Amino acid sequence: MTVETAAKYAALNTAVGVPTMVYPGLNATRHLRHYLNNTGETYTIDLEDMIRCVPSAKRAMVAEFRQAQNFLQGRPA
């Protein structure tokens, strides 16, 4: 790690630090750090936690499940 990279990382940790882990939350903080680090690496989303913590994500999931269920019920056996 170069000195420049270390300085950027330190500034990033200061900007996206402990306060963001409280609100909007730990996963949002991890997403933001991943985005700002710009490594190009794949980031795996913790979908179960997102569904549990984000009301709009839970509503979207339930709506999609109902849509799939309605589709399957309309299909012949």
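Reader: Which residues form a nonpolar patch on the surface?
Author: The patch consists of Ile 45, Leu 47, Met 50 and Val 54, which together have about 330 Å² of accessible area. Patches take residues with over 30% relative accessible area and no salt bridge, joining like charges within 9 Å and nonpolar side chains (Val, Leu, Ile, Met, Phe, Trp, Tyr) within 5 Å. Accessible areas come from the Shrake-Rupley method with a 1.4 Å probe, and for residues only the protein chains shown count as cover.

Reader: How should I read the numbering and the model itself?
Author: Residues are numbered from 1 along each chain as its sequence is written, and side-chain values use heavy atoms, with hydrogens and water left out. The model is predicted: local features need pLDDT of at least 70, side-chain atom pairs count only at pLDDT 80 or more, and totals for chains, interfaces and linings use all residues.

Reader: Where is Leu 47 found?
Author: Leu 47 belongs to helix H3, residues 47–53. Helices (H or I, at least four residues) and strands (E, at least two) are DSSP runs, numbered from the N terminus.

Reader: How many salt bridges does a search of the whole structure find?
Author: The search finds one. Asp 49 pairs with Arg 52, their closest N and O atoms being 3.2 Å apart. A salt bridge here is a side-chain nitrogen of Lys or Arg within 4 Å of a carboxyl oxygen of Asp or Glu.

Reader: How far apart are the two along the helix?
Author: Asp 49 and Arg 52 are separated by about one helical turn, because they are three residues apart in helix H3.

Reader: Is Asp 49 buried or exposed?
Author: Asp 49 counts as buried, at 18% relative accessibility, whereas Arg 52 counts as exposed, at 61%. Buried means under 20% relative accessible area, exposed over 50%, and partly exposed in between (1.4 Å probe, protein chains only).

Reader: Turning to H4, how many of its residues are buried?
Author: One of its 19 residues is buried, so H4 is hardly covered.

Reader: What should the span of helix H4 be?
Author: At 1.5 Å a residue, helix H4 (residues 55–73) should span 27 Å, and its end C-alpha atoms are 27 Å apart, which agrees. The expected span is 1.5 Å times one less than the number of residues.
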